[in-house]
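Student: Hi! I have just opened this one and could use a guide. Can we go through it together?
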Amino acid sequence: MIENIKERLKDKIKEIKIHNERRVYLTIDRKDLKDVVNIIFNELGARYQIVTGIENFDKFELLYHFSFDKQGLIISLRTFLDKENPEIESLTSIIPGISYIEREVWELLGINFIGHPNLKHFLLREDWPENLYPLRKGVKKDGRK
Amino acid sequence: MVENRKVIVPIGPYHPLLEEPEYFQLYCDGEEVVDAEWIAGYNHRGIEKLSESKHYDQVTFLVERICGICSTSHPIAYCNSIEDLCGIEIPERAKYIRSIIGELERLHSHLLWVGLAGHFLGYNTVFMWAWKYREPILDMFEMITGNRNHYAMLRIGGVRRDIEDEDVPILKKTLSEIKDKVKMLTEAVLDDPVLSARLKGVGILTKDDIKNYGAVGPVARASGVDIDVRRDDPYAAYNLVEWKVITTENGDVFDKAVVRLLECFESIKIIEQCLDAIYGKKGEIWKEVREIIEGEGIGHHEAPRGEVFHYVRSDGNTTSPVRHKIRAPSYVNIPTFKASCIGETISDVCIILAGVDPCYCCTERIAVYDKDKNKKVYDFDQLIKKSIEKTEKIKKELGKEGKLWKHLL
Amino acid sequence: MSLKLKALKKSLWVYHVSGGSCNNCDIEILDLLTPRFDVERFGIILAASPRHADVLLCTGIVNKKCVERVKEVYQQTPKPCVVVAVGTCSCSGGIFRDGYQMAGPLDKIIPVDVYIPGCPPKPESIIAGIVKFLKELK
């Protein structure tokens, strides 16, 4: 399966990290994300699991987790975003179910999803202070900067 | 969605039978539901952030408190992710004990669902039965772990407590008693003509819907999608015992009930085999883990409601995770209401929402809006009442009482 | 003892408020209704609306999104009423007390009469707590 994915994606993969035979992390460019997800989700038939957003020292990182259940394999697509203006294309047109997690990543981490139809507060209050993203490293666990 | 139709509803009657606060808005045209929205966050506690300030061992207890019904599923998935990160193989006895706890939890959770589903339909007998038969399972938990819920059995590298040999025969005896009762309950529910009329063909999810929303667990298996983490990516002792994955084809609420009830028997089978395997043997129950190396790990577990997913990243220096992502099964199962509720009548929506088993709670704050008048028409109590009325009507139309009632006479 | 209190003690109607709990206390409260514990034999039933309730059973940390709702429910309950904090979360905040969504614990928001700690408290201890309070009530 890993070979098959490698062949289909070819040069879109910038880095491949095989943790073990069931956990594989692929680094891709954020411009290629839509194409890559289209191939993995629609053509190879993976099951969408979830999106993880992480704040690193110099970059934001998004991990899109997909599972191939027949092989028990989890593929994680890793993309990096700029710290100043983190934004990425929304995948709601490909995977309808991804809408809620994109809203969550937006409100907890402040990553903008371009083309998301309904980017509003989901878990937090409507009057939550702007530019206060609780999962960012600069914010304390009690929600203060 | 038309913006002016949005009305902020008072929290409304909390229904005594539903717990966690969740909030759905249904937009209706007459009896038919035309659109629906899910508003969450009444239960958000910021666990992912808290986890970044806790020690790796403390996180096990924190994730246990995500959900009271699946309170061992999250620790299992979390420990799986740490063990994946460090490449730890746990002792065999610990594997069996993990499976026993996991399956006991599935048993009590599925019985809980059957009971509540019965209540939603106006079958309070099923509710009382199922909850009565659930009690011995909680007693078994108390015997093994010392608490009825929140068992604190898991630790990174193994389990905290052993199952003593003298407990095993008592556990097996209780299990065989439960098996008979679950069998009786299953036959009563599945043969009942009223329940068939009420549940068959309601809230159908197709294979495409399952794929689009990424639904997991019994919801997916009822639609014929053959996925189960226990078999696909084996962990604990699931590859050491004999069992099979239950699937059905229709994807309606009736099939979801069938899948859950039949899974109870598979769970009993797994527990019996695991108890046999540990009986009369001694062995390590945990392996010491001295450091969490730098890296990232993914662990998942098939909870009663579907796949629980945990992602942990460690930087190798600190004692807390750098990032801990948690995804509960209801997170992907609840959005399927967009596919299953629309076009159905209001009286069916209640059981469709309950059909995905949204931790029982998510159905709580339902308010139904009339499309033209822009005001609240039904609250959840009235919805349940409407649902009960429909059951009564079908009962009259069928002209005979179901088998369920014959058991009582 | 005033007439109101005497009437209150006769048959308690309970209303259950969840303010962001892990749903375990809630399940144990439900357990009280089912055949093994069956509190209905003491005249205790769960009411469907706070306007009919004598007792509020509150669980959970009370997070920032539902704090107004909890206040509203308290205002709707006819007085005198008994507020019971069930579980460690609503008594003190428990493991979640440092979180960014924490608005509670419960006694910061509404006056609390009875605290029943435990994670979760057993059904027996919930019954014991209520009985103890009723004996004290004069």
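Student: In chain C, where is confidence lowest and where is it highest?
Tutor: In chain C, helix α1 (residues 3–10) is lowest, at a mean of 80, and strand β5 (residues 114–116) is highest, at 92. That confidence is pLDDT, the predictor's score for each residue from 0 to 100. Helices (H or I, at least four residues) and strands (E, at least two) are DSSP runs numbered from the N terminus.

Student: And what is the mean pLDDT of chain C?
Tutor: The mean is 86, and 99% of the residues of chain C reach 70 or more. This is a predicted model, so local features need pLDDT of at least 70 and side-chain atom pairs count only at pLDDT 80 or more, while totals for chains, interfaces and linings use all residues. Residues are numbered from 1 along each chain as its sequence is written, and chains are lettered from A and ligands numbered from 1 in the order in which they are written.

Student: What does the model score for ipTM and pTM?
Tutor: The ipTM is 0.92 and the pTM is 0.88.

Student: New topic: how many residues take part where chain B touches chain C?
Tutor: There are 36 from chain B and 33 from chain C. Two residues are in contact if their C-beta atoms, placed from the backbone, lie within 7 Å.

Student: Which element of chain B gives the most there?
Tutor: That is α5(B), with four residues. By class, chain B's side has 18 nonpolar, nine polar and nine charged residues. Here Ala, Val, Leu, Ile, Met, Phe, Trp, Tyr, Cys and Pro count as nonpolar, Asp, Glu, Lys and Arg as charged, and the others, Gly among them, as polar.

Student: What about chain B with chain A, how many residues are in contact?
Tutor: In that contact, 24 residues of chain B meet 21 residues of chain A. Chain B's side has nine nonpolar, six polar and nine charged residues.

Student: Back to α5(B): at what angle does it pack with α4(B)?
Tutor: About 165 degrees, with the axes 7 Å apart. Axes are lines fitted to C-alpha atoms, for helices over the stretch in contact, and angles run from 0 to 180 degrees between N-to-C directions. The two helices are therefore roughly antiparallel, a label for angles over 145 degrees.

Student: Which residues make that contact?
Tutor: Among them are Leu104(B) and Leu107(B) of α4(B), and Phe127(B) and Trp131(B) of α5(B). The contact has 15 nonpolar, five polar and one charged residues.

Conventions. Angles under 35 degrees count as roughly parallel, over 145 as roughly antiparallel, 65 to 115 as roughly perpendicular and the rest as oblique.
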